[in-house]
Amino acid sequence: MRAYITRGETEMEKIVVGVDGSESAQQALEWAAAEAKLRGADLLVVHTWQQPAAVLMSPYAPVLADTAALEEAAWRTLTDSVAAANVTEIVGQVQQVVVQGSAAPALIEAAQESSLLVVGSRGRGGFAGLLLGSVSQQIAHEATVPIVIIPPVARATDGNRSQAEG
Ligand SMILES: Nc1ncnc2c1ncn2[C@@H]1O[C@H](COP(=O)(O)OP(=O)(O)OP(=O)(O)O)[C@@H](O)[C@H]1O
Ligand SMILES: [Mg+2]
């Protein structure tokens with residue numbers, strides 16, 4: 001593992017964060033941005049997408065799979081997430097990348113030369129009550145760099161009292 005990118009004489013550290021458009025991922029992005037600012041590190045924001053399973057299994061797959069539209073939607077998710085987060089004070093570069101593929105392996109791969117991989121505990125998936133989604137769980141098991149999993153944080157404005165107040 002090489003944890004630092006060498007840029008001229010300077011060793012630039014890189015932090016990687018995965019976003020999927022969820023509130024949880026947004027909190028992960030904001031945490032990662034604050035950490036990048038503290039460390040003077042670059043920040044790489046990654047969003048992955050793949051064809052819905054129903055499309056892949058359909059005999060009409062070549063017709064149904066509008067790859068360009070899916071990729072465009074993926075870019076929109078990514079750029080909207082970054083625009084909504086406070087990344088302006090980061091000293092290093094903020095890079096964004098869209099990857100087609102399964103989220104956890106793609107994030108682990110993207111983070112290979114970074115010093116930290118950050119994700120939210122949950123994402124856009126629907127099962128209520130889970131502490132970790134399948135992506136954050138797989139990352140916890142398989143990541144090859146240090147990881148941070150951001151738990152839900154109650155926000156004063158969203159009326160969600162359950163996390164902070166029990
Ligand atoms: N497509 C993705 N691209 C980049 N990061 C992702 C993606 N999906 C999830 N993540 C990251 O993983 C975190 C946890 O999401 P995860 O998908 O594990 O939870 P979930 O959606 O609630 O559960 P599941 O997908 O298993 O139904 C997110 O907050 C985000 O940081
Ligand atoms: Mg998910």
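**Figure 1. Salt bridge between E89 and K37.** In this predicted model, where local features need pLDDT of at least 70, side-chain atom pairs count only at pLDDT 80 or more, and totals for chains, interfaces and linings use all residues, the closest N and O atoms of E89 and K37 are 2.7 Å apart. A salt bridge is a side-chain nitrogen of Lys or Arg within 4 Å of a carboxyl oxygen of Asp or Glu. E89 lies in the loop between α4 (67-84) and β4 (94-100) and K37 in helix α1, so the bridge ties together parts 52 residues apart in sequence. Helices (H or I, at least four residues) and strands (E, at least two) are DSSP runs, numbered from the N terminus. E89 is partly exposed, at 45% relative accessible area, and K37 is partly exposed, at 41%. Buried means under 20% relative accessible area, exposed over 50%, and partly exposed in between (1.4 Å probe, protein chains only). Residues are numbered from 1 along each chain as its sequence is written, chains are lettered from A and ligands numbered from 1 in the order in which they are written, and side-chain values use heavy atoms, with hydrogens and water left out.

**Figure 2. Salt bridge between R39 and E13.** The two side chains meet at 2.4 Å, N to O. This pair links distant parts of the chain, with R39 in helix α1 and E13 in strand β2 (residues 10-18), 26 residues apart. R39 is partly exposed at 35% relative accessibility, whereas E13 is buried at 11%. E13, E35 and R39 are linked in a network of salt bridges.

**Figure 3. Salt bridge between R76 and E72 in helix α4.** The N to O distance between these side chains is 3.4 Å. R76 and E72 are four residues apart, about one turn of the helix. R76 counts as partly exposed, with 44% relative accessibility. Over the whole structure, a search finds four salt bridges.

Figure 4. Q26 is buried, with a relative accessible area of 12%. Apart from neighbours within four places in sequence, Q26 is in contact (heavy atoms within 4.5 Å) with S81, A84 and A85.

**Figure 5. D20 in the loop between β2 and α1.** D20 is partly exposed, at 23% relative accessibility. The D20 side chain makes a polar contact of 2.6 Å with the side chain of S22. A polar contact is a pair of N or O atoms within 3.5 Å; within protein, one must be able to donate a hydrogen and the other to accept it, and residues adjacent in sequence count only if both atoms are side-chain atoms. Leaving aside neighbours within four places in sequence, D20 is in contact with A25, H47, T77, G123 and R124. D20 and A103 are 83 residues apart in sequence and 9.4 Å apart in space, C-alpha to C-alpha.

**Figure 6. The largest pocket, with a volume of about 750 Å³.** Of the 33 lining residues, D20, A103, G123, R124 and V135 are the closest to the centre of the pocket. Elements giving two or more residues to the lining are β3 (42-49), α4, α5 (103-110), β5 (116-120) and α6 (134-142). On a 1 Å grid over the protein atoms alone, a pocket is an open set of points where a 1.4 Å probe fits, with protein on both sides within 12 Å along at least five of seven lines; lining residues have an atom within 4 Å of a point. Grid points are joined across faces, edges and corners, and a volume is the space filled by probe spheres set on the points.
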